[in-house]
Amino acid sequence: MTATVLPLLPSQLPLTLYLHFPWCVRKCPYCDFNSHALNNTLLPEREYIDALLIDLAHTASMAKTLRPLRSIFIGGGTPNLFSAAAMDRLLNGVARYFTLPSDIEITMEANPGAGETQRFVEYRDIGVNRLSLGAQSLDDGLLKTLGRIHTANEAQQAIGAALKIFPRVNLDFMFALPGQTMVMLEDALREAGAFGAPHLSFYQLTLEPHTSFYNEPPEHLSDADTAAAMQERVEEALVRAGYERYEVSAYAKPDAKCAHNLNYWQFGDYLGIGAGAHGKVSFFDDEGKVVRVERTIKEPHPRHYLESAKTSPEDLMIESRIVERDELAFEFMLNALRLKDGVPRAFFSGRTGVPLAEIETMMQNAVVRGLLDPDDNVFRATLLGWRFLNDAMQCFLPDEK
Ligand SMILES: C[S@@+](CC[C@H](N)C(=O)[O-])C[C@H]1O[C@@H](n2cnc3c(N)ncnc32)[C@H](O)[C@@H]1O
Ligand code: SF4
């Protein structure tokens, strides 16, 4: 592996930080995230925070200079298995290497059933100002099918606590669940909307390769038409409840969009720290023009990650790949077109280094097919394009020129 030297990064391109926590009490049968069941083993809390700090120091030491962080996202896995004292040690480490603006958004993911109210207060007191809680469903039968460790009542308790304690809260739900009827979905939408949380995410269940659900699909899965009808109902009900559907699965009250995820969708830069964390870093010439974009991946297996941190931190990054010039348009659109309002066209050349003229034919093709808005100022999918998002994105594949 060759060492990566991060460049002097122009301040216009936002930089965020993702910190990954790869353990859960139990592995959910639908989940393909880098999360590992603890299986009653002891959480290596101190050791993992030590490793994250080494990863952080190593990543920061490769940088000539770094921009202030726009946001921090503590994700998992189940980060709330870790104590607030452990998180505090980590965030203090982050503050040693990066400038943290006073209005920085610091989100933490949390699972009901893994330590709540008291810990929530402590997390808030160390600087976490947005909690993303994985409720998934408020139906005990569906929660059981999903293999969740919590009941509907425990999810409700955790939601109540989160809303009292944090200024910003996101609630994750899934729909098109095995055995979920339209009537059950209506109940879920009514209950989810009634909490009044600033942000909701409603994900359509997908069967991801290498998961238990993929290998042995559960009974009573929704067919594609039912899932599409459910998606429409989710949007209608949540818009009526005062939310804006600003991304495929994300719904926000005014001024409550997730700053961290917006940066992904707007093709900003991010550093990934922790087992399996992904990063994206841009390199610039002296005039501040992007000359290349690199994607990085850290060692995914927690045990190997812990070992490398101790013995050979240079091995923590298992991949550092330059995104080929002709892949940049697709990668950009894969993110940008997920946003209902799209992104300014100027971001394209500013953030990929590729002149707009180079993708003119692709743009025209997408416009002619009715998938891309012809607006000269933004890249935005049309309603048709949003409905057939893969088709819209595929217009920007290299061989579609
Ligand atoms: C990083 S994950 C995990 C967060 C947290 N550990 C939890 O389970 O609550 C973020 C969200 O992705 C969604 N998700 C995970 N796997 C999914 C799948 N196969 N299909 C649809 N949504 C999924 C869930 O709503 C989950 O809360
Ligand atoms: S709790 Fe979340 S991260 Fe952990 S296995 Fe379940 S869905 Fe995946």
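Select A155. Is A155 buried or exposed? A155 counts as buried, because 25 C-beta neighbours lie inside 10 Å. (Buried means that 20 or more other C-beta atoms lie within 10 Å of a residue's own, exposed means 12 or fewer, and partly exposed is in between; C-beta atoms are placed from the backbone.) A155 sits in helix α5, residues 152-165. (Helices are DSSP runs of H or I with at least four residues, strands are runs of E with at least two, and both are numbered from the N terminus.)

A note on what you are viewing: this is a predicted model, in which local features need pLDDT of at least 70, side-chain atom pairs count only at pLDDT 80 or more, and totals for chains, interfaces and linings use all residues. Residues are numbered from 1 along each chain as its sequence is written, while chains are lettered from A and ligands numbered from 1 in the order in which they are written.

Stay on A155 and show its contacts. Leaving aside neighbours within four places in sequence, A155 touches P112, A135, L138 and H150.

**Domains**

Colour residues 6-262 as domain 1 and 327-401 as domain 2. These bounds come from an automatic or database domain assignment. Taken over C-alpha atoms, the domain centres are 28 Å apart. Domain 1 gives 5 residues to the contact and domain 2 gives 6. The domain 1 side has 3 nonpolar, no polar and 2 charged residues. (Ala, Val, Leu, Ile, Met, Phe, Trp, Tyr, Cys and Pro count as nonpolar, Asp, Glu, Lys and Arg as charged, and the others, Gly among them, as polar.)

**Two helices**

Select α1 (45-61) and α2 (84-97). Their axes come within 10 Å and cross at roughly 10°. (Axes are lines fitted to C-alpha atoms, for helices over the stretch in contact, and angles run from 0 to 180 degrees between N-to-C directions.) The two helices are therefore roughly parallel. (Angles under 35 degrees count as roughly parallel, over 145 as roughly antiparallel, 65 to 115 as roughly perpendicular and the rest as oblique.) Show the residues in contact: from α1, E45, I49, L52, L53, L56 and A60; from α2, A86, R89, L90, G93, V94 and Y97. By class, 9 are nonpolar, 1 is polar and 2 are charged.

**Ligands**

Go to ligand 1. How many residues surround ligand 1? There are 17, and the closest are Y30, G134, D172, Y203 and T206. (A residue counts as near a molecule or strand if its C-beta atom, placed from the backbone, lies within 6 Å of it.) Strands β6 (69-76), β8 (130-136) and β9 (168-175) each give two or more residues to this shell.

Move to ligand 2. Its surroundings include C24, K27, C28, C31, G76, G77 and G134. The shell has 4 nonpolar, 6 polar and 1 charged residues.

Most residues other than glycine have a negative phi, and most peptide bonds are trans. Zoom in on G76 and G77. A cis peptide bond joins them, with omega about 20°. G77 is in the loop between β6 and α2.

Next, N39, in the loop between β4 (36-37) and α1. Its phi is positive, near 50°. N39 counts as exposed, with 9 C-beta neighbours inside 10 Å.

Last stop: F267, in the loop between α9 (259-265) and β13 (269-273). Phi of F267 is also positive, near 60°. F267 counts as buried, with 24 C-beta neighbours inside 10 Å.

Terms used. Two residues are in contact if their C-beta atoms, placed from the backbone, lie within 7 Å.
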